[in-house]
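Please look over the model below before reading on. My points follow it, numbered for reference.

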Amino acid sequence: MLLDAGSLPKSDREGFEDDVVSDEQPKDELIKHGLVEVSHPEPDRRWGEYGVFRLVGHGEVTNGNTCSKHITTKGCLCVEKHNVTTVDGKNYAGKVYYRRHPLYCYKSSCPLCYKHGWAIREAGRIEHRTKEASKKFGLAEHIVLSVPLRDYHLSFKALRHKAAEVAKKRGVIGGCLIFHGFRYKPYKGWYWSPHFHCIGFVLGGYSRCRNCKRKSNCDPSCNGFDSRAWKLFNKDGWYVKVLGKRKTIFGTAWYQLHHSTYDSSVRNFHIASWFGVCSYRKLKVTPEVRKELCPLCQSELVDIRYTGCNREQFSDKREGFADLVENGVVVWSEKPRRGRKGIAGARITKGDYVDLSKEAVEKWENERLVEKMFPSQFPVCFCCGEAIHSINYLGNVDGRPVHTHCKEKLEDGRQEVV
């Protein structure tokens, strides 16, 4: 008879409940049973740290002057389209919609930017890639893979590779692995207990096991996901469990990312990684470019700025509506975009790169002086009729431009006016 973790005695269920109960044992017990070497790092006594592993947001602030502080504002100035009454009975005629954006460094270690900067951006990427894979492989599931004591001594690279292999053996053909090094108990806080959360795809789907009437008393002959998971658990010690049906992929990914774990000794540590049919080699996905739209008229938001005197009304609001005109003065306008020569949206091309050698700079300065003295692009010598291209060859006879060598010839009587 195949048992589910929910039907086991409480002592046997230790470590199966995600983020609540751990399969952790004291270090001396691990050494006693030969599961780790004596050189295994001691648990760090500081909260949320274990050796080089840390909870996200437990590093140093990247830049205290900019992280989550400097605000850019986007909005919609199409006030003529905002003369509508919403379901709450409010009319927004003459109102500008605005949305404020703090600046983020997008580092998982930064305590100011990890939750609403890095985690949101990473969750959006996971959602986009998972939705593209869902078109081929069906419904995405939330799967938890708990690391047994016997594998605590493995390096992270080996542990992550083994987690992917364990998932494949149970029928998970691909997905995203998110590393969690800690679990949480209300009376204990965060403590070391490595496991992986996977947003992936089960071969044949999981609806058969989810809707099974014998959920806590599986039939070994059915060979469903739960049946395979329990049989392999008795062999390799990895407990793999599929959680409830997901409401949103983004919400699941963001929640799991915002208390995930990173290695502080690795500069670009990848907390979320892909495997199987969702790996970068096997699944090619075009990056999604999301447009921010006005909730009223669905126009694309642009960079705007406020030039009024009542800035306090926006200090504690992330988004909202404001009057376009205050005291007869328009206080909202589109912010000019920085570009080459003041042209909004201009791009630098190969022709914009100039020669900065000493000779080229002197020639450019001379030409600028000539253009300043004479309105035309290049003055024409009234003697020979040719253009004067350099200030070094520019002379003046009765207020008319002339080559210096032509001027000498005129004075000596060797040159006649053309």
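Notes on the predicted model

1. Cys278 is buried, at 0% relative accessibility; buried means under 20% relative accessible area, exposed over 50% and partly exposed in between, with a 1.4 Å probe and protein chains only. The model is predicted, so local features need pLDDT of at least 70 and side-chain atom pairs count only at pLDDT 80 or more, while totals for chains, interfaces and linings use all residues. Residues are numbered from 1 along each chain as its sequence is written, and side-chain values use heavy atoms, with hydrogens and water left out.

2. How many disulfides does a search of the whole structure find? The count is 0, where a disulfide is a pair of cysteine sulfur atoms within 2.5 Å. For Cys278, the closest cysteine sulfur is that of Cys198, and at 8.3 Å it is too far for a bond. Cys309, by contrast, is exposed, with a relative accessible area of 77%.

3. There is an open sheet of 5 strands with antiparallel pairing, in the order β14-β5-β4-β13-β17. Strands here are DSSP runs of E, at least two residues long, and helices are runs of H or I of at least four, both numbered from the N terminus. Two strands pair if DSSP finds at least two bridges between them. The edge strands, β14 (319-323) and β17 (332-334), each pair on one side only. From one strand to the next the twist averages 45 degrees, taken between N-to-C directions of lines fitted to C-alpha atoms, on a scale from 0 to 180 degrees.

4. Within that sheet, β4 (residues 71-76) and β5 (residues 95-102) run antiparallel and are joined by 6 bridges. Gly75 has Tyr98 of β5 as its bridge partner.

5. Helix α3 (residues 156-169) has 14 residues and should span 20 Å at 1.5 Å a residue; its end C-alpha atoms are 20 Å apart, which agrees. The expected span is 1.5 Å times one less than the number of residues. Its buried residues are Phe156, Leu159, Arg160, Ala163, Ala164, Val166 and Ala167. Seen down the axis, they fall within an arc of 160 degrees, so they line one face of α3; the arc is that of the directions from the helix axis to the C-beta atoms. Lys157 and Lys169 are exposed on the other side of α3.

6. Glu127 lies in helix α2 (residues 114-137). Is this residue buried or exposed? Glu127 counts as buried, at 12% relative accessibility. Leaving aside residues up to four places away in sequence, Glu127 touches Ile249, Phe250 and Arg290, contact meaning heavy atoms within 4.5 Å.
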